[in-house]
Amino acid sequence: MTHTRRTVLHRLGLTAAALTVSRFTPAQAAAATTKKWPTGMSLDVTFTVATKASGRVKRPYVAVWIEDESGNTVRNLTVWVQQSRMNPRWLSELRRWYRTNADLLTTVSSATRNPGTYAVAWDGRTDRGAMATQGTYYVCVETAREHGPYSLVREKITVGTAAFKKTLTADNDIEAASVALGKA
C-alpha cells in the first residue's frame, strides 16, 4: 500500500481529532450532566439565637452563608454586625466567616438584632449573580458575642429538584436551626 502525502495528512488529522475528542469529552460530559438550580425554588434557613440567655445579653454578631463541598463561599445570605466603627472589635470572632469574607463587610452586613428566631432565603444565586447548580452544599450559621459564647452550625445538604426540610444541630447560642427547600 502506498502512502501519499494526502493519506498521511488525513490519518494524522483523524488521530489528532480522536485525541482531542477523548481529551475534552469527559469535561463536556460532566458539564452536560450538571443540573441547574431548580426553577422557582429557594432554600429557607431558619435559626433561633439565645432566647434563654440570662442577665444582660449583648446582641450577637451573626453570619449565615452557603459553602460548596470544598468550603468555598457560594453565597453570603446575611451578616449582622455593629457598624458604629469601621472595624468592629468583635467581628473577627465570627472565625469561619471572617477568614474568607471580611472584605465583603460593607456590602453584605446589616445591624445586629435582639435574640429571637429569624429566617433568610437563598434563591440559588451566587455572590457573583450566577445561578448555582444542583448538588451538595453546606449551610453555615455562625454567632459570636462580646464576652459571650461562640457558635457554629455547619451541615451538609443536597439540593435537587425535590422539596425537603431538615433540622440542623443546635450549638450554644444557636438554640435551633433548620432548612427547607421549596417554592419561592
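**Group meeting: a first look at this chain**

Let's start with contacts. Take the contacts in the protein chain with a separation of 6 or more: residues 24 or more positions apart account for 62% of them. Keep in mind that this is a predicted model.

Now the layout. The protein chain has three helices and nine strands. Read from the N terminus, the order is α-β-β-β-α-α-β-β-β-β-β-β. The chain has 184 residues, and 34% of them count as buried. Its accessible surface is about 11,100 Å². Carbon and sulfur atoms hold 52% of that surface.

Next, the inside. Which residues touch the most other members of the largest nonpolar core? They are Leu43 and Trp122, out of 27 residues in that core. Which element gives the most? That is E1, with five residues.

Stay with Trp122 for a moment. Set aside its neighbours within four places in sequence. Trp122 is then in contact with Trp37, Ser42, Leu43, Ile66 and Val74, among others. The list also includes Arg75, Leu77, Ala132 and Tyr137.

Find Asn76, in strand E3. Is Asn76 buried or exposed? Its relative accessible area is 5%, so Asn76 is buried; the cut-off for buried is under 20%. What does its side chain meet? The side chain of Asn76 makes a polar contact with the side chain of Asp127, at 2.8 Å.

Last stop, the outside. Look at helix H1, residues 5–33, where you will find Leu9. Leu9 has a relative accessible area of 52%. The line for exposed is over 50%, so Leu9 counts as exposed. Together with Val8 and Leu12, Leu9 forms a nonpolar patch on the surface. The three have about 280 Å² of accessible area together.

Trp122 sits in the largest nonpolar core. Asn76 is buried and pairs its side chain with that of Asp127 in a polar contact.

Terms used
Residues are numbered from 1 along each chain as its sequence is written. This is a predicted model: local features need pLDDT of at least 70, side-chain atom pairs count only at pLDDT 80 or more; totals for chains, interfaces and linings use all residues. Side-chain values use heavy atoms; hydrogens and water are left out. A nonpolar core is a set of buried Ala, Val, Leu, Ile, Met, Phe, Trp, Tyr and Cys residues joined through side-chain atoms within 4.5 Å. Buried means under 20% relative accessible area, exposed over 50%, partly exposed in between (1.4 Å probe, protein chains only). Helices (H or I, at least four residues) and strands (E, at least two) are DSSP runs, numbered from the N terminus. Contact means heavy atoms within 4.5 Å. Patches are made of residues with over 30% relative accessible area and no salt bridge: like charges are joined within 9 Å, nonpolar side chains (Val, Leu, Ile, Met, Phe, Trp, Tyr) within 5 Å. Accessible areas come from the Shrake-Rupley method with a 1.4 Å probe; for residues, only the protein chains shown count as cover. A salt bridge is a side-chain nitrogen of Lys or Arg within 4 Å of a carboxyl oxygen of Asp or Glu. A polar contact is a pair of N or O atoms within 3.5 Å; within protein, one must be able to donate a hydrogen and the other to accept it, and residues adjacent in sequence count only if both atoms are side-chain atoms.
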